[in-house]
Amino acid sequence: MAFDEQGQADTARRKVEICTRAYKLLTEQVNFPPEDIIFDPNIFAIATGIEEHNNYAIDFIEATKAIKQQLPYARVSGGVSNVSFSFRGNEPVRRAIHGVFLYHAIAAGMDMGIVNAGDLPVYDDIPRELRDAVEDVVLNRRADGTERLVDLAPKYKGDKAEARVVDLKWRDQPVAERLAHGLVYGITDWIVEDTEAARLEAVRPLHVIEGPLMDGMNRVGDLFGAGKMFLPQVVKSARVMKQAVAHLLPFMEAEKAGQVREANGKIIMATVKGDVHDIGKNIVGVVLQCNNYDVIDLGVMVPADRIIDAAVEHKADAIGLSGLITPSLDEMVFVASEMQRRGLNIPLLIGGATTSKTHTAVKIEPAYQAGSTTYVLDASRAVGVVSHLLSPDTRDAAAAATRADYIKIREQFARGRETRPRASLADARKNSFAIDWTGYQPPKPSFLGLKTFDDYDLAELAANIDWSPFFQSWDLVGRYPQILEDDVVGEAARALWADAKPLLDQIVAEKRFTAKGVVGFWPANAQGDDIVVYADEARAAPIATFHTLRQQMDKSSANSALSDFIAPAGVAPDYIGGFAVTAGHGETAFAASFREKGDDYSAIIVAALADRLAEAFAERLHERVRKEFWGYAPVEALTLEDILAEKYEGIRPAPGYPAQPDHTEKATLFRLLEATERTGITLTESFAMFPAAAVSGLYFSHPKAHYFGVGKIDRDQVADYAARKGWDVTEVERWLAPILAYG
Ligand code: B12
């Protein structure tokens with residue numbers, strides 16, 4: 001935020017001044033990478049009736065422009081809802097102010113903002129009278145702008161959303177307009193009737209697709225590309241399009257003229273070998289289909305040769321890879337090198353929760369010189385990137401621009417490597433997280449060994465769902481339940497909730513999913529940075545060893561490792577726990593039942609609900625471990641909110657998360673838990689779990705145990721870790737590639 005000794009920056013000059021100062025401090029004095037700087041130069045309310053507030057929106061927009069021009073790579077964000085605060089309670093006017101403000105701020109270079117993803121009005125759609133009055137205020141074009149808008153506002157007060165549902169005036173429009181309206185607003189109620197009406201008016205059924213339907217979808221594509229429309233709406237529009245095409249298909253078949261609709265391009269999409277995650281890939285696929293691209297989705301766990309064979313067979317124009325876990329990053333490098341070896345030169349697109357621009361530039365792009373490689377942050381950017389890379393007029397320039405950008409990133413990455421001070425492993429161990437074990441009796445679990453849950457009660461899990469990540473996976477940012485009443489994202493979240501809740505109730509009532517889990521407890525003690533697990537209290541022969549990694553940042557606070565939270569051998573008899581849970585049995589089939597009807601929207605919701613139930617299973621089981629199964633917190637009485645805020649004792653670190661970045665530790669965990677036999681969860685060669693809606697991890701009971709990020713590790717620890725795991729150094733470097741402080 002743009003604050004300094006004098007307080008908040010309100011004018012453009014002050015905002016730029018403070019951001020420039022911070023920029024210089026960060027980049028020149030602490031060598032902070034400029035691309036990681038996000039400025040929020042303060043968005044303040046306009047039209048408050050106080051004259052000096054009238055220029056606040058302009059001040060932000062001007063400051064944004066200056067920051068983007070003068071402070072390379074820095075990004076700009078802001079709390080958009082602040083700008084319309086003086087009209088709280090009048091949602092339609094607030095929405096119009098957000099739409100107009102963002103229209104100008106994005107044009108000035110704004111990169112992101114806290115705003116309602118699914119409920120922003122379509123700029124061109126804001127009633128002209130209202131839009132002009134709002135623009136007068138946002139751009140401070142007239143001294144009496146505020147009065148005029150205050151006078152006009154009551155006219156638009158009625159809740160537009162409801163107006164939109166009851167406002168059926170659009171049903172009186174010509175069929176082409178009705179089709180476009182249904183597409184833009186995601187309304188399926190009349191799609192078959194309207195498509196049929198259009199078919200009867202058309203010479204050939206194909207003309208309905210090439211005409212009104214594509215016009216409607218191009219509007220959706222343009223609005224989405226321009227940041228005036230957001231993910232949930234776009235995926236809903238796709239559903240309308242698919243149902244319209246499904247109605248026309250038999251007529252086109254019957255016609256047998258064999259004319260096919262010209263697509264903008266053909267794209268092969270796949271989640272790479274060893275990875276099972278597809279929500280992100282599916283969302284991008286739907287958005288691209290909306291924009292008239294033919295998407296050939298090969299699914300998950302797809303080996304490189306199958307991806308490339310499909311690209312050759314279908315004469316594809318691009319390949320899109322997705323991945324969620326770090327081992328998939330290496331696989332993406334391999335696919336890129338195979339594309340190079342097999343002589344392809346079509347664009348390669350990279351996306352997924354674990355991918356990043358830096359990794360793509362430093363590791364993937366160098367492996368594929370024959371064609372371009374582009375990282376895509378999220379679905380909202382996919383269409384723009386693809387259209388630039390595939391259109392003959394822009395593809396060379398687009399590829400060249402990315403290549404130049406990635407060269408810069410590689411240079412910065414190399415520079416960043418040199419400077420950061422690090423601790424040797426020996427020094428890091430001397431600075432370990434010290435626990436005073438004298439007089440501490442580690443709590444003994446109520447049982448040792450395993451406990452299986454064959455069919456955990458879905459209703460109990462549904463009651464323990466953390467909904468915030470669900471809305472996040474639809475780009476609606478905010479905490480649940482406040483998000484449902486939020487005056488910015490409320491309506492969009494309520495709409496999504498209204499669609500998701502009945503599906504969840506159906507899943508529970510009809511037992512569409514089966515939740516299976518296993519939990520285990522074993523005697524254990526730390527041995528250096530390892531945790532040795534014993535079969536019984538005799539603690540004679542180890543039955544397994546968990547290998548932990550230690551922080552090596554050069555810092556005053558402790559360089560922690562998970563082994564610090566278990567009593568060293570010979571100091572006190574301690575214990576460790578483990579779990580593996582899934583709620584994904586049945587998810588694929590239930591989601592497919594919607595996808596078959598062209599309803600990707602519900603299919604994606606079903607998959608996201610399985611993830612939520614899996615996460616809820618992990619949370620609920622951990623609670624029962626603390627209170628019952630391990631029983632070290634029998635009187636714990638926390639609300640779900642407190643539990644989600646981790647206000648409990650002990651931790652449950654998951655392999656792959658920052659405290660234990662090594663996914664291969666799941667092999668030891670799964671062997672001890674007999675997880676596959678007992679829950680049906682399998683591990684892929686990248687140690688992803690299938691079904692995808694699965695979580696696994698360890699339990700630590702010590703009250704001082706806490707979550708931390710291992711961060712980057714050095715050669716000395718890699719060599720030490722290899723020796724402890726009985727691997728050679730290259731094997732460790734392969735599995736821990738993203739956290740190596742070298743190479
Ligand atoms: C929700 C979530 C889960 C859910 C569901 C995951 C899923 N989607 O299937 C559950 C609870 C099941 C889960 C489990 C695990 N998770 Co998790 N999870 C997350 C979380 C919080 C959000 C991911 C998500 O779903 N986002 C929403 C979707 C829609 O976004 P997306 O996948 O990123 O896709 C978007 C873009 O990336 C892009 N995109 C995606 N693909 C493509 C492809 C192309 C071609 C293009 C152009 C664009 C594109 O567009 C999409 C839409 O905008 C992330 C943290 C984060 N903030 O990202 C951790 C995270 C991904 N999980 C992580 C881990 C480690 C795990 C577990 C291994 C933990 C464990 N030991 O149990 C398991 C693995 C499960 C398995 N089956 O193997 C790590 C992965 C990194 C790593 N170290 O490998 C993360 C990054 C957390 C962390 N901080 O470390 N996880």
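Of the 41 residues around the ligand, those that come nearest are S322, T326, G656, H663 and M689; a residue is near a molecule if one of its heavy atoms lies within 4 Å of it. The model is predicted: local features need pLDDT of at least 70 and side-chain atom pairs count only at pLDDT 80 or more, while totals for chains, interfaces and linings use all residues. Residues are numbered from 1 along each chain as its sequence is written, and side-chain values use heavy atoms, with hydrogens and water left out.

**Ligand shell**

- The shell around the ligand divides into 23 nonpolar, 12 polar and six charged residues. Here Ala, Val, Leu, Ile, Met, Phe, Trp, Tyr, Cys and Pro count as nonpolar, Asp, Glu, Lys and Arg as charged, and the others, Gly among them, as polar.
- At least two residues of the shell come from each of α11 (279-290), β7 (318-322), α23 (600-629) and β17 (694-699). Helices (H or I, at least four residues) and strands (E, at least two) are DSSP runs, numbered from the N terminus.
- α11 supplies the largest share of the shell, five residues.

- A polar backbone atom of P655 is 2.9 Å from a nitrogen atom of the ligand; a polar contact is a pair of N or O atoms within 3.5 Å.
- For G656, a backbone N or O atom lies 2.5 Å from a nitrogen atom of the ligand.
- For M689, a backbone N or O atom lies 2.7 Å from an oxygen atom of the ligand.

**Packing of α9 and α10**

- Helix α9 (residues 205-225) packs with helix α10 (residues 231-255) at an angle of about 170 degrees, and their axes are 10 Å apart. Axes are lines fitted to C-alpha atoms over the stretch in contact, and angles run from 0 to 180 degrees between N-to-C directions.
- The two helices are therefore roughly antiparallel, a term for angles over 145 degrees.
- Residues making the contact (heavy atoms within 4.5 Å) include L213, M217 and F224 of α9 and M241, L248 and F251 of α10.
- This contact divides into 17 nonpolar residues, one polar and one charged.

**Overall fold**

- The protein has 28 helices and 17 strands.
- The C-alpha trace spans about 80 × 70 × 55 Å along its principal axes.

Conventions. A polar contact is a pair of N or O atoms within 3.5 Å; within protein, one must be able to donate a hydrogen and the other to accept it, and residues adjacent in sequence count only if both atoms are side-chain atoms. Angles under 35 degrees count as roughly parallel, over 145 as roughly antiparallel, 65 to 115 as roughly perpendicular and the rest as oblique.
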